[in-house]
Amino acid sequence: MKKLIAPSILSADFTRLGEEVRAIKEAGADWIHVDVMDGHFVPNISIGIPVVEALGKVDPPPMDIHLMIENPDEFAEKFIDAGGDAVAGITVQYETCKLLYSTVSRIKSRGVNAGIALNPTTPLSVLDEVFEYADMILVMTVEPGFPGQKFIHSMVSKVKRLREMIDASEHKPLIEVDGGIKLDNIRLIAGAGADVIVSGSGIFQSSSYAETMELMRKEIKGL
Ligand code: DX5
Ligand code: ZN
């Protein structure tokens, strides 16, 4: 499968959000990654339901919504309603779900991909009983909460181990990797087995989104 690049709009210029979404789409983004933070699960507050609703109206690339909130069981479907047809998937943090099976099932029943995200110190073993229900596993490679943090290098081995786990299984969820990914380390992460690569500051702080993504694609070509 072609590896996907999902720019995180958390690093976009929010004073011109619609334009930024159009620009990143024209530059070739496969998805846009939408980071939702509630100030409880993570020490930051970012995007909420009305902004996702607005994003849905500007003909965005498929939206990959990452919920870093305390109660995704309650809110996941509200984000699907807000983003409408533009929502490609909803990813919930394993650490926040009291009713993970129900939440994942409800997301899937709405016809969108259900992802499960793991914080850097959450072991892959927690996936054992839910793995077969997930469409995507997101490996956090920074502590969730802020863009522009440094990639935690030991996460490369976690991505490799997840790749081996999936290769040995009949069920093949996508692997998404999120946090601290830029032009200079994308090859390492894609080579470890990532299918979907999130990059926020690495793309939005560059002078040309198209050029940066083209260079990123060159880096991962053939993997
Ligand atoms: C971190 C978010 C990430 C982040 C990515 O909590 O989940 O998606 O915004 O930004 P960079 O690529 O700058 O680390
Ligand atoms: Zn994210």
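**Note on helix packing and aromatic pairs**

1. Glutamate 26 is exposed, at a relative accessible area of 74% (exposed means over 50%, buried under 20%, partly exposed in between, with a 1.4 Å probe and protein chains only). This is a predicted model, in which local features need pLDDT of at least 70 and side-chain atom pairs count only at pLDDT 80 or more, while totals for chains, interfaces and linings use all residues. Residues are numbered from 1 along each chain as its sequence is written, chains are lettered from A and ligands numbered from 1 in the order in which they are written, and side-chain values use heavy atoms, with hydrogens and water left out.

2. Glutamate 26 belongs to helix α1 (helices are DSSP runs of H or I with at least four residues, strands runs of E with at least two, numbered from the N terminus). Its C-alpha lies 7.8 Å from that of alanine 210, although 184 residues separate glutamate 26 and alanine 210 in sequence.

3. In α1 (residues 17-26), the buried residues are Leu17, Glu20, Val21 and Ile24. Viewed down the axis of α1, they fall within an arc of 100°, so they line one face of the helix; the arc is taken over directions from the helix axis to the C-beta atoms. Their cover includes β1 (4-7), β2 (32-37), α2 (49-56), α7 (201-204) and α8 (209-220).

4. Helices α3 (residues 72-83) and α4 (residues 100-109) have axes that come within 9 Å and cross at roughly 10°. Axes are lines fitted to C-alpha atoms, for helices over the stretch in contact, with angles from 0 to 180 degrees between N-to-C directions. The crossing makes α3 roughly parallel to α4 (angles under 35 degrees). Contact, meaning heavy atoms within 4.5 Å, joins Pro72, Asp73, Ala76, Glu77 and Ile80 of α3 to Thr103, Arg106 and Ile107 of α4.

5. There are 2 aromatic pairs in the structure; rings of Phe, Tyr and Trp (its six-membered ring) pair if their centres lie within 6.5 Å, and planes over 60 degrees apart count as edge-to-face. Tyrosine 101 and tyrosine 133 are edge-to-face, 5.0 Å centre to centre with 80° between the planes. Tyrosine 101 is in helix α4 and tyrosine 133 in the loop between β5 (113-118) and β6 (136-140), so the pair ties together parts 32 residues apart in sequence. Tyrosine 133 is partly exposed, at 29% relative accessibility.

6. Phenylalanine 204 and tyrosine 209 also pair edge-to-face, at 5.1 Å centre to centre and 70° between the planes. Both phenylalanine 204 and tyrosine 209 are buried.

Conventions: Angles under 35 degrees count as roughly parallel, over 145 as roughly antiparallel, 65 to 115 as roughly perpendicular and the rest as oblique. Rings of Phe, Tyr and Trp (its six-membered ring) pair if their centres lie within 6.5 Å; planes under 30 degrees apart count as stacked, over 60 as edge-to-face and the rest as tilted.
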